[in-house]
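Take a look at the structure below, then work through the exercises with me.

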Amino acid sequence: MSNISILKEREKQIYHKGEEPFDMVCETKSTAGAVSQRACVFCGSRVVLYPVADALHLVHGPIGCAAYTWDIRGALSSGPELHRKSFSTDLRERQIIFGGEKQLYHALAALIDKHEPKAAFVYATCIVGIIGDDVDAVCRKVSSEKGIPVIPVHSEGFKGTKKDGYKAACDALFTLIGTGSIEGIGPNSINILGEFNIGGEAWMIEEYYKKMGVEVVSIMTGDSRVEKIKRSHGARLNVVQCSGSMLQLAQMMEKKFGIPYIRVSYFGMEDTARALYDVASHFHDNTDIMDRTKALVKEEVDKIYPDIQVFKSYLKGKRAAIYVGGAFKAFSLIKALKALGMTTILAGSQTGNSEDYEILRDMCDDGTVILDDANPLELSKYIVEKKADLFIGGVKERPVAYKMGVGFCDHNHERKTPLAGFQGMYNFAKEVYGTVKSPVWSLLKRPEDGTKTV
Amino acid sequence: MKNTALKKEHYEATTNACKLCTPLGASLAFKGVRGAISLMHGSQGCSTYIRRYLISHFKEPIDIASSNFSEDTAIFGGGANLKKSVANVIRQYKPELVGISTTCLSETIGDDVPMILNGIRHDADGAPLPPIVHVSTPSYSGTHADGYVGAVRALVDALSIRKNHEIEPSMVNIFPGMYSPADLRYLKEILEDFAIPYRMLPDYSETLDGGPWTTYHKIPHGGTSVSEIADMASAQASIEFGYVTRKGTTAAGLLSSRFNIPAYNLGMPAGVRATDRLFDLLSELSGNLIPDRHARERERLLDSYVDGHKYLFGAKAVIYGEEDLVAGMFAFLTEIGITPILCASGGTSGKLAETLESLRPEGYDEPITVLQAADFGQIEDAALGTGADMFVGNSKGYSITRKMGIPLVRVGFPIHDRVGGPRIHHIGYRGCQELFDRVTNALLDVKQEATGVGYSYM
């Protein structure tokens, strides 16, 4: 056991399966003074829109917000790389007092002239909401002068949680959708939503669909282009991953354009196969698609299965902790870990809703801890108490795992390795195997004071 | 001297900033206080982004709490949130000090933090709270370097009290710049070898570069204690590092005006000459000769300068980062024959150009091109076409050196794309030696790769 207690306000956001009735509180603001692993509204918008590679992303505010999100995601582009630059109006005292609209206007105009983007996203940060800049008006003005869409993203950090930032990003994308020509889009066509091309994942998935005979109209937002987003309403189906960020957009598109959607995940063999089969079933009029999908899944599984078994023989019975942004990813990870013979002893997310946590509860064994909006102290407490061998999370969770001698797998957006699809499952298994089996852990057994143990 | 003033016809955006926001520097300084927990008064994102940024460099757990503004807070003021967050952070971390930095949001809505804090000196049971130190760090003013200096000053301002009228003979206060944990450990070693009793603030040499744990440390061990900071008011002298610090705005300046403690201002002790000034001062203050092993270290360093000089002369380097670091690297590189063709900083003191001019070594007649309040967009534009042979600075210059096909010698903060950033020495003879070898070998590497034959001797 550890010396770490739980704040009273936090107790309802922690559930011990098999030990208490399920009554989890979630979707609340973070407790003041707790070290939440969450970011803010701006972060939610920024991560969703970030991979649009031929758009200008201008952060309106003091320098921090732009500086901390410069080149932050491993989202690859096959062409322009404007998204990897960090642009900020870099507001100073003067603008805080007199307003920053003039600066925003000049900054935008100059950047558009210099970089010739296909559209511009203007992120309003905390301060903009306070000093009262009319960002919408400036965007309209610049848009009419420069002839490209200039879209305000209302992402003031304090106006909600990261999820509200997803909503603001979806709203921004939605202003583009429906403004392009849908000529030439066939009947077996989809948009891939909630896939950000980390390490080239979107390309792998697009390749699967190509082999199945399914046309990909747009990917939002991995390796995406403004033109493709504009015509995405021509697709016949929206296939939504990472439901937290993009489900809303799918719903908006269903309402306005009548495009149905399905929710999928591309993490793990099981979920990837399920995703491809679900898409194939949707286009059931074309039986070739299902036939090709079956062949594809068989071929891909055959390719990695023997190696997976080798990893599994070592990893069997090892214990994993999962703490991710959206709960939907945790579902896939639990299944993927199960495929490696591992059990999940902690599962949590920054932004899950009660439906998500019920699913997590049903997926996990007794004794598993389920956490909403956890902090480093809680995470360290439970990885020690539950004897984790592996922690899956992002950069902020990594040192917690490493300090306590626990292996780590980065499943966040900064990673460079593709973990989606079948090849991704192989990469994932290899990474998990490599971190859990590393010989370095055996050296940490000595007490911290350096006294001899044996 | 060419000092590129960045007067523009119209306001231009900052492209790839070469600076960070003020609260980051304050959080870093608070990490150097024993048992301290950092709390940011603003939106959740500020603390999370800054944590992530620091963690990616230090690769250590770095907890920063947030008062977590909501829309209501922004309208009605952050007092209630701040009080609640202080209570929660004390309950969970049981800290010896709470270091509060503000953000652009709380500053703009005009929260009177000292007044809010005045109302919470005791917990719900009437027990006294640990000291709570507040530093004003609106991110629209200054840079992270200013936040760092400001937090150190705020700690001394709030905590340093002379208990009696006695001055502790030979006790020295040390206020290092934003150096690496390895630098801080080395600095302490030097002081110990001189047998100089000292108090150093901040000291994150252990908190941000420690070993593995068997039980979780809510707050990593190490750092300067609150009582040590209190006693800084009784020292014989203060030594502060920083080429561009404004007189009177620093902790040493404050101790000087409030308690009459002489303040010695040194720039970053990088390079032999600047390090000599530090060792001479320590020698003078302690009355001891330079300890033998440091004298030997200096000799080995000079010997290596001679061994490597032919590979360096006239090589062109671009230096960037915090103003103090840029000045330090300028002093070091010019003394080994390298020409800094571009010296750039996002820093806003306006003093970089004059500082570099004052560091011009005898016989060095190259023009000094300075970019002040610069971003990486401007650095790139200015560096392309100069025929630069290398960049010396943090890892954020990589996208440019990659484009130019030249090496980047990583120094300072942040180093996000390599391990070992916290273990790099920059200061003293040891840091100088380390940098000298890395700079020389980076150029040798280029030369070796460029030959068609792959020779195996230098």
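Before we start, one definition: a helix axis is a line fitted to the C-alpha atoms over the stretch in contact, and an angle between two axes runs from 0 to 180 degrees between N-to-C directions. Keep in mind that this is a predicted model.

**Exercise 1.** Describe how helices α11 and α12 of chain A pack.

Step 1. Find the two helices: α11(A) spans residues 269–282, and α12(A) spans residues 287–315.

Step 2. Look at the geometry. Angles over 145 degrees count as roughly antiparallel, so α11(A) is roughly antiparallel to α12(A). Their crossing is right-handed.

Step 3. Look at the contact. From α11(A), residues M269(A), A273(A), L276(A), Y277(A) and A280(A) take part; α12(A) contributes I289(A), M290(A), T293(A), L296(A), V297(A) and V301(A). Sorted by type, the contact residues are ten nonpolar, one polar and no charged.

**Exercise 2.** Work out the strand order of the open four-stranded sheet in chain B.

Step 1. The order is β8-β7-β9-β10, and the pairing is parallel.

Step 2. Spot the edges: β8(B) (198–200) and β10(B) (263–266) each pair on one side only. From one strand to the next, the twist averages 20°.

Step 3. Zoom in on one pair. Strand β7(B), residues 172–175, is joined to β8(B) by three bridges, and N173(B) stands opposite R199(B).

Definitions and conventions:
Residues are numbered from 1 along each chain as its sequence is written. Chains are lettered from A and ligands numbered from 1 in the order in which they are written. This is a predicted model: local features need pLDDT of at least 70, side-chain atom pairs count only at pLDDT 80 or more; totals for chains, interfaces and linings use all residues. Angles under 35 degrees count as roughly parallel, over 145 as roughly antiparallel, 65 to 115 as roughly perpendicular and the rest as oblique. A crossing is left-handed if the near helix is turned anticlockwise from the far one by less than a right angle, and right-handed if clockwise. Two residues are in contact if their C-beta atoms, placed from the backbone, lie within 7 Å. Ala, Val, Leu, Ile, Met, Phe, Trp, Tyr, Cys and Pro count as nonpolar, Asp, Glu, Lys and Arg as charged, and the others, Gly among them, as polar. Two strands pair if DSSP finds at least two bridges between them.
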